[in-house]
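Reader: I have a model open and a few quick things to ask. Can we go through them one at a time?
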Amino acid sequence: MDKLTIKINGHVLQGEKNESIMNVANRNRIDIIGLCYCKDIKPESSCRLCLVSIKGRKGLHTACNTKIEEGMEIETENEEIKKTRNTNFELIFSKHCQNCISCRRKNHCKILDIAKKCDFDLKKKKSTFSTKMQFGPAISFDSSKCINCNNCVQVCNNQGVGFLQKERIDGFSKITTCKGKECVFCGQCLSHCPSGAFEEVSSIAEVKNILGKKNNHVVFQFSSGMIMSLCKELGDRWDISSFSRALKLLGADMVFDTSYAVDVIVEKESSAFISRAANNEKKCLFTSHCPAWVRYIKTYHPELNDCLSKNKSPHIICGASIKNYLLKKGMKGENIYVISIAPCTSKKFEILGKSSFWGKYKSVDFSLTLSEMYTLLKDLDIEKVNEQDFKNVFIKSINPYNSNEDIVRMGIKLFYEKTMGSEAGGIEFKKISGIENGLETEIISNGRKIRVGIVYGLGRAKKIVNDLKKDIGAYDYLEVMACPKGCLGGGGQTLGDLEEISYSCGYFVGPQDNSLVKEIFTLTDEEFKKIGNTDGLD
Amino acid sequence: MEKDIIEKIRESGLRGRGGGNFEAWLKWDIASKQNGRKYVICNGADGEIESSKDGYIMDNYLDDVVFGIKSAVDFLNAEKAYFYLRSDYFEKYKERLSKIIDKDKIEIFKKPDVGYIGGEETVICEVIEGGGAFPRSKPPFLTKDGLYGMPTLINNVETFYCISKILKGEYKNKRFFSVIGNATKKGVYELPCDLTIEDVLRKTGNYPDFKFFVRIGGKFGSFYFPKELSINFSGLGVIEIFDQERVDNFELVQEMAEFFHKGNCDKCTPCREGFFEIYEMARKKEFDREKINGILFSLENSSFCYFGKGAANSLNSFLKKIMKNG
């Protein structure tokens, strides 16, 4: 690889060919102010704040999209930069309607950060025009907060959806929606919006309301691997154990690990797959864990509807199984509420779908994002939280699924063992060529080659979907997570540095009461059909 | 043959007439030295609606323009040429053009309704490729990395007309001047290149008998007082006359800011927000000079393409010269 030597503020640094100034600076902990810049997408370079001057070149240049060249001498701070940046920041801010109290970005507000760093006096300004839009039951957009950086349009296009667009009306750019397109609620617009113009549709008020009523039996569920970012956000003393206790303090009657339902699905999915294989069906089976992916297929590739697994998603099965149990115990259905917590916006849409109902009840009554959870928990006193007991808290001591690969791996393993009667060896995933973040593996079962793919990101999955349209047997099993960084990078994630978020979630130290878990999640085929199968519901 | 064409253009001293003033032979030469599939684009976006100089040329010399384009296609052995026309030109000339062009070699392309920025050369490439009206960064220059990432030669309508004249041996070092605004004899005139602005005004019978100033080079042009008119022309051949006593300076700034506000692509902050701020101040007739200077400084220093820089230049020249004292 070609190494290039450059100087930033007099420091001699090395970088790769095609690397941006911003990248090199970040890597070397040199702070360059930037608003629209996001590591994981192509720089829009629209805010014009990440300005640097380059020796021998006229004017100022944006660090996010200027590639380094051998011998380049860069300055990140001088009077000219400061003056221009301040003007541009003031111009941006004149468009942004400050509404910090209710803003989901308030703890990670780039605008406030920059104001602080630049010693900029923010005069509160009301924007002149405002359009509010709501996309289904999941996402809302407030144009008065929008600074027209275009990140949302880019990520929506990257997702292969293209629902959002920039429209120019009388010289003003507006974010609008494309006729004939549908939002899949993946929420990537939320995670990439620097000004908090996109937010999840909040269920906090309703959740508070049901928690406040004595007769209600409220059950929370979450996947323990998913909440570490939130714990980090809440403070050093937070972990899975305190998180579970905090839910009890909020008024939860029961707390469950969603991954109990993943176990159920893995088991059932491998059975479904065996029956397909037995019938020698040459057809790809798509997982249906991710509601944005399911919606994407149903909306944009309806001819592949049949490929979608008939199994409901884990949190839906988890909710229905718990309700099933509680009803059997004589509780009244209208008093039972299940609330799931995930870094996901599309679940808000999913839980309202016909197939998410279990009889006349919703399997899950509310779906909260991590961001909403933060709002609910941030003011709790950790001392009080830790006084709570673990009664009716059912969290696995170790999270068995550290990634989507783990879930798929477990499924294939079970499938293999069931079909071959012997243990599968190590299953290794290799990269799918031409598809970023795509993994695949092959196993031979009963002489038949089974090809399994995992893809993160709808835009990338689109490539495989197109391949499958030509040859429906190109893959036998396909797991897709709509968000390019998987569930952890979902639209409902908190807004800290995503790079540092991982599944690594430590241990749950509470007691393990497996007898009740077993009772709830051991479903007969007949029960599973009612609880976990979408057949006839769409 | 090849050397011959480049040499002929070089000897003529022709510079691009689209406003950039780049040496025509050099552009052709660079494009000819590239490898791979090549494209030719004739830019007929003509964002200067009032002067519509390119329209005048096409009304009178459409065959010459097409000959110029064809010559470029043949010379570069180009895959194809696009004749990019603003929508009214497209409607007006499509029939006449369809009779004289080889459709396999030249495609007439209608400029979408995206404002002035739709005439910027990298935007034209984006638009033809089916993308949005957003500029690309330069370098790479189009002669190396243009349409579909291939070497692309883009010239303005007038430049292709001149090329045709040069190749036919009929070029007489003339150019088209459009005189607009408060002029008695508005129109497009073909006159020698080396005339001063004053010469052009006098020869066309347009030299005002009132106190005046002019804007040279179209909407992005600079402003001059009569005593400064002994300069030669470079850039776009548009002279706009203003009656100094009658012009409302605030209104003119408002008009300019509105044009830039509506014509830019909205990518960068200073264009997207800055012109509107200036527009608002002009509308209220209350200038915060410090704020305006800040915006113009930022446009010059931090806009992505030449739209912001050019617009700042034009506004600066008006505010610092014509409207020096408020």
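Predicted model: local features only at pLDDT ≥ 70, side-chain atom pairs only at ≥ 80, totals over all residues.

Reader: Where does K138(B) lie?

Author: In chain B, in the loop between α5 and β4.

Reader: And what is K138(B) in contact with, leaving aside neighbours within four places in sequence?

Author: With E120(B), E121(B), T122(B) and Y306(B). With E121(B) there is a side chain to side chain polar contact at 3.1 Å.

Reader: Helix α5 of chain B, then. How many of its residues are buried?

Author: 6 of its 8 residues, so the helix, residues 121-128, is mostly covered. The buried ones are T122(B), V123(B), I124(B), C125(B), V127(B) and I128(B).

Reader: What covers the buried residues of α5(B)?

Author: The cover includes four strands of chain B: β1 (39-44), β2 (80-85), β3 (106-110) and β4 (152-156). Just after the helix, G130(B) has a positive phi of about 95°.

Reader: Changing topic to chain A. At what angle do α11 and α17 pack?

Author: About 100°, with the axes of α11 (residues 314-328) and α17 (residues 514-521) of chain A 8 Å apart. That makes α11(A) roughly perpendicular to α17(A).

Reader: Which residues make the contact?

Author: From α11(A), C318(A), S321(A), I322(A) and Y325(A); from α17(A), L516(A), E519(A), I520(A) and F521(A).

Reader: How many of those are nonpolar, polar and charged?

Author: The contact of α11(A) with α17(A) has 6 nonpolar residues, 1 polar and 1 charged.

Definitions and conventions:
Residues numbered from 1 in each chain as written. Chains lettered and ligands numbered in written order. Heavy atoms only, no water. Axes fitted to C-alpha atoms, helices over the stretch in contact; angles between N-to-C directions. Helix = DSSP H or I, 4+ residues; strand = E, 2+ residues; numbered from the N terminus. Parallel < 35°, antiparallel > 145°, perpendicular 65-115°, else oblique. Contact = heavy atoms within 4.5 Å. Nonpolar A, V, L, I, M, F, W, Y, C, P; charged D, E, K, R; others polar. Buried < 20%, exposed > 50% of the residue type's maximum accessible area, 1.4 Å probe, protein only. Polar contact = N/O pair within 3.5 Å; in protein donor to acceptor, adjacent residues only side chain to side chain.
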